[in-house]
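Good morning, colleagues. Please look at the model on the screen while I speak.

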Amino acid sequence: MKQVFLTAEWRYLAMLNFEVDRSVLEPLTPKGTELDTTAGRHFISLVGFLFLDTHVLNVPAFFHRDFEEVNLRFYVKRPQTGVTRHGVVFIRELVPLPLVAGAARLTYNEPYRTVPMTHTQVEAAGELQSIEYRFGGPRDECRLAIHVDGPPHPIPPDSDAEFLSERPWGYTRQRDGGTIEYRVEHARWNVWSNPRCELEGPLAEFYDEPFASILKKAPASAFIADGSAVAVHLPERIV
């Protein structure tokens, strides 16, 4: 397995999940992978979360250790002999730090963009009440917020939440049409289910069609994952 490139804590992953037709995703699917489905359904997810205590090659990322990210992703798999690797492909990743975006583009060719970002976390009696992520400037700011009640619970086996969150591999199309694969390790998360969610703002400033229009619809599901420590390995070319 390739060396660990990055370690961090991913916390309060707010996930809005939208069902889409496979024809939307087929042109974006990297070589060597195929679209992954649950009960015949295809999804994209808009995910806001906190990147905390970030280290790159075991060195603290000074002045870049804690920040927000919002990404738009879909789900693929790579069949292997006797096993199938389940992973994600990113359509767009937003962060507030140019050096983070530049390092990710250089190492993985990930579709990062640098935009202003903030978050607001509300707790009461030690329990999470809501998490909100804002991205964009004064003229194009968008807002993703999820409100929850009660404590989190383990992800049920064979659930949509398991399909969408248990993704130990990432895949990225390269400039020459090839594909890289990288491992993402983390513990199994707990989730807050059945939340109240909000997504507003000029999404077309950040996402091409048809994704901007898809994101304006009501999501098929939403939840917050509590998150954990993560380790992202260096990539390996598979095609």
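Predicted model: local features only at pLDDT ≥ 70, side-chain atom pairs only at ≥ 80, totals over all residues.

Residues are numbered from 1 along each chain as its sequence is written, and side-chain values use heavy atoms, with hydrogens and water left out.

The open sheet has four strands in the order S8-S9-S10-S15, with antiparallel pairing. Strands here are DSSP runs of E, at least two residues, numbered from the N terminus, and two of them pair if DSSP finds at least two bridges between them. At the edges are S8 (117–124) and S15 (196–200), each pairing on one side only. Strand S10 (residues 142–147) pairs with S15 over five bridges in the antiparallel sense, and Leu144 stands opposite Leu199 in S15.

I turn to the salt bridges, of which the structure holds 16; the criterion is a side-chain nitrogen of Lys or Arg within 4 Å of a carboxyl oxygen of Asp or Glu. Arg143 forms one with Glu132, the closest N and O atoms being 2.6 Å apart. Buried means under 20% relative accessible area, exposed over 50%, and partly exposed in between (1.4 Å probe, protein chains only). Arg143 is buried at 11%, and Glu132 is buried at 15%.

Arg134 and Glu141 also meet in a salt bridge, at 2.9 Å from N to O. Arg134 is partly exposed at 27%, as is Glu141 at 35%.
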